[in-house]
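Student: Before we start, could you show me the model, so that I can learn how to read its features with you?

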Amino acid sequence: MSKVEQELEDIQQTIEEEIPSNITVTSVKYEGPELVVYTRHPKEFHRDGDLVRRLASKLRKRITVRPDPEVLSRPDQARDRILDALPDEAGVTDLDFHEDTGEVVIEAEKPGMVIGRHGSTLREIQQEVGWTADVVRTPPIESSTVSNVRNFLKQERDERRDILERVGRQIHREELSDEEWVRITTLGCCREVGRASFILSTPESRILIDCGDKPGSPDDVPYLQVPEALGAGASNLDAVVLTHAHLDHSALVPLLFKYGYDGPIYTTEPSRDLMGLLTLDYLNVASKEGRSPPYDSEMVREAIKHTIPLEYGDVTDIAPDVKLTLHNAGHILGSAVSHFHIGEGLYNVAFSGDIHYRDTRLFNGAVNDFPRVETLVMESTYGGRNDYQTDQEDSERKLKEVINRAYERDGKVLIPAFAVGRSQEMMLVLEEAMRNGDIPEMPVHLDGMIWEATAIHTTYPEYLRDDLRDRIFHEDQNPFLADQFNHIDGGEDERKEVADGGPCIVLSTSGMVEGGPIMSWLRHVGSEEDSTLAFVGYQAQGTLGSRIQNGWDEIPISDRDSVRGETLTLNMNVETVDGFSGHADRQGLMDFVRTMNPRPEKVLCVHGDESSVQDFSSALYHEFNMRTFAPKNLETFRFL
C-alpha cells in the first residue's frame with residue numbers, strides 16, 4: 001500500500017470516528033488540494049452545518065462532501081425541487097448535473113440568494129436533494145470568454161477529474177529528503193519590466209511563479225531552458241502559480257505544456273478566464289504580425305484544463321512541503337500576492353506580483369498582513385527615487401481638463417489602454433464625470449478586447465471594491481452599462497465613421513501602442529491637430545508608446561491592419577496623465593513594506609528597470625535596516 005493510500009485509509013477512519021453513527025462514508029479521495037468525502041447520507045452530513053468545518057479543522061485539510069452516485073435522486077426530480085426552494089429573484093439561468101461526482105452547478109444572476117445567509121439556503125438545498133451544489137454567477141454582461149471556459153470545463157470534466165486525482169496524489173506523496181533549504185532562482189523581470197518568472201525550490205518541490213513575455217521585446221522570453229530553471233524539464237515542476245493575467249506574467253504559461261508540463265496551475269478564477277482571453281489574443285496578434293506563435297491554442301486549453309482556482313485567503317497544500325495562500329494585490333481583476341509557507345514552520349516567502357497599495361475605483365488596496373514572512377520578492381516598477389504619482393483626485397481633474405479642451409476644439413480624445421484594469425478604471429471615471437456634469441456627455445467608444453474584459457469584471461464583482469460590487473449587484477446602477485459606452489466590433493468602416501464624426505472619447509488597446517486597434521485609430525485621427533492622444537498607463541522602455549511620450553512624431557505603422565513600412569506624422573496633442581497606473585508608486589511601495597505585518601527580513605527588488613530596483617533596494621535598506629537585493633536574471637538565492 002502506498003503512502004497516499006495508507007493516509008486516505010487513516011483519514012477515513014478518523015472521519016468515521018468523528019461523525020454520527022447514522023452517516024456512512026463510502027470513500028475518501030484527494031482531488032487536487034481538496035479531500036473529497038463520498039457518503040450515502042449527504043442530507044444527514046449537511047444537517048449539521050458545522051460538521052464539515054470541524055472535520056477540516058481536525059484534519060487540517062480543505063474538505064468537500066459529495067453524495068455517493070448510487071444514492072442520487074434523478075436530475076429531473078432534483079431540478080424541480082431546487083427551483084421550488086429558490087426565490088424567483090435569484091434569477092437561476094442554468095442547472096448542470098454531474099452524475100459522476102454528485103454535483104449540481106447552479107448558475108444564477110444573484111448567487112447570494114442561492115447561497116443564503118452563512119450558506120443556509122445552500123445547505124437546505126443539499127439536505128433536500130442530496131446533490132452537492134456549486135454556485136456560479138450569470139454575467140450581467142454576456143462574456144464569450146466565461147461561457148467558453150465553463151463549457152470547455154464541462155466537456156473535459158472526466159479528464160479534469162483524472163488530473164485532480166493525480167495532482168492530489170502528487171501533493172500528498174511521501175517526503176523523500178531530510179534536508180532543509182529554500183532557494184529562489186530568478187528567470188526574468190530582474191532589472192527589467194516584464195517576462196516575470198521565478199523558481200521556488202526546496203529539497204522536495206519545484207514551483208514556477210509566473211511565466212510572461214517582455215513588452216516591446218517579444219523575443220525576450222524567460223530563461224526556461226537553462227539547467228537552474230526547469231532542470232530535467234517542465235515535467236520536473238510540481239506546480240505553477242500565476243499572480244495575475246497580464247501578458248508580462250502569463251503569456252508563456254501555455255508554453256510549459258508544449259514542453260511537457262502536465263501539472264496544476266494555481267490562480268484565482270478571474271485570472272484563469274483572463275489568461276485564456278489574453279493568451280489567445282497574444283497568439284492572434286503574433287500570427288497577424290507575421291511572427292511564429294510560440295505555441296498553439298490547444299496549449300491554452302491545456303492550461304485552462306489544468307488550472308485549480310483558489311479564493312483569496314484559502315490556505316492550500318500545493319506540494320508535500322508547501323502551502324499557498326493568495327491575497328488581493330489591488331492591481332487588476334484577480335491579481336494576487338502569493339504567500340508560500342514551507343515545511344512545518346520552516347520558512348515563509350511572499351511574491352508581491354504587481355501591487356497597488358491604496359484603494360482605487362476598481363479595487364481594495366493590496367493585502368500585506370501575513371502570519372509570517374522571512375523573504376519578500378517585491379515589484380519595483382515605480383521604485384525610483386522620483387517615481388511619485390499624482391494622487392487620484394488630481395489625476396482625474398487633469399484628465400477632465402484634457403477632455404474638455406479637446407471637446408472645445410471639436411476634437412477627439414484617444415486613450416491607449418490595457419484591456420484589463422486601466423480600461424475599466426477609465427470607464428468608471430468617465431461615467432461619473434459625465435453623470436456629474438464635469439465633462440460633456442459624448443460617446444465613449446471601446447475597441448479591442450475592452451468590452452469582453454469588462455464583461456469578465458462584471459462576472460466576478462466579489463473581486464472588486466466593496467461599493468462598486470454593490471452597484472453591479474443592482475442592474476440599474478451598474479456603471480459599466482451606462483448609455484455612453486459603445487462597443488466597437490473591430491470593423492474599419494465603423495472606426496472611420498467615428499473618426500469622421502464629432503467629439504468623442506476612444507479607449508483602445510494596446511496600452512503601450514504595440515500593435516492592435518490603436519494603430520488604426522492613429523491612422524484615422526493622428527493627423528488632427530485638434531485631437532489629443534492621452535497616455536494613462538505605464539509605457540515600458542522600447543515600446544512605441546514610450547517613444548511617442550519622448551517626442552517622436554514620425555510613427556512607423558506596421559501592425560496587423562496596415563501596410564508595412566508606412567510612416568505617420570503625428571500632429572495630435574500628446575498628454576500624459578499620471579496616477580492611473582495599476583502599480584504602486586514609490587511611496588506606495590515603501591508604505592507596503594512599512595506597514596507589513598510582520599516585516600520581512602530580506603527583500604528581493606524585481607520588476608523594474610535597473611535604476612528603479614537599485615534605488616528602491618537602497619531605500620528599503622536605509623529606511624528599515626533590512627537585507628535587500630536588486631538581483632540580476634539567473635541568480636539563485638539560498639535561504640537557511
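Tutor: Here it is, and please keep in mind that this is a predicted model. Let us begin with a pair of facing residues: His 341 stands opposite Asn 348 in β16.

Student: How many bridges join β15 to strand β16, and in which sense do they run?

Tutor: In a regular strand the side chains alternate between the two faces of the sheet. In this structure, β15 and strand β16 (residues 347–351) run antiparallel and are joined by five bridges. The two form a hairpin with four residues between them, and in the turn Gly 343 has a positive phi of about 70 degrees.

Student: Which strand pairs with β15 over seven bridges?

Tutor: That is strand β14 (residues 322–328), which pairs with β15 in the antiparallel sense; as an example of the facing positions, Leu 324 stands opposite Phe 340 in β15.

Student: Is strand β15 mostly covered or mostly uncovered?

Tutor: Strand β15 (residues 336–342) is mostly covered, since six of its seven residues are buried, where buried means under 20% relative accessible area.

Student: How should I read a helix, and what span does α12 reach from its first C-alpha to its last?

Tutor: An α-helix has 3.6 residues a turn, so residues three or four places apart point the same way. Helix α12 (residues 269–288) has 20 residues and reaches 29 Å, close to the 28 Å expected at 1.5 Å a residue. Following α12 comes Gly 290, with a positive phi near 80 degrees.

Student: Why is α12 described as largely enclosed by the rest of the structure?

Tutor: The reason is that 14 of the 20 residues of α12 are buried, so the helix is largely enclosed by the rest of the structure.

Student: How many cavities of 30 Å³ or more does a search of the whole structure find?

Tutor: Rolling a probe the size of a water molecule over the atoms shows where empty space is left. Here the search finds two cavities of that kind, and the largest cavity holds about 90 Å³ of space. Its lining has 16 residues, of which Phe 198, Asp 210, His 249, Gly 353 and Val 606 lie nearest the centre, while strand β17 (residues 375–379) gives the most to this lining, with three residues. By class, the lining of the largest cavity has eight nonpolar, five polar and three charged residues.

Student: Which residues line the second largest cavity?

Tutor: The second largest cavity, with about 40 Å³ of space, has a lining that includes His 356, Arg 422, Glu 425 and Phe 580. By class, that lining divides into one nonpolar, five polar and two charged residues.

Technical notes. Residues numbered from 1 in each chain as written. Heavy atoms only, no water. 1 Å grid on protein atoms, 1.4 Å probe; cavity = no way out; pocket = protein on both sides within 12 Å on 5 of 7 lines; lining within 4 Å. Points joined across faces, edges and corners; volume = space filled by probe spheres on them. Nonpolar A, V, L, I, M, F, W, Y, C, P; charged D, E, K, R; others polar. Expected span 1.5 Å × (residues − 1). Buried < 20%, exposed > 50% of the residue type's maximum accessible area, 1.4 Å probe, protein only. Pairing = 2+ DSSP bridges.
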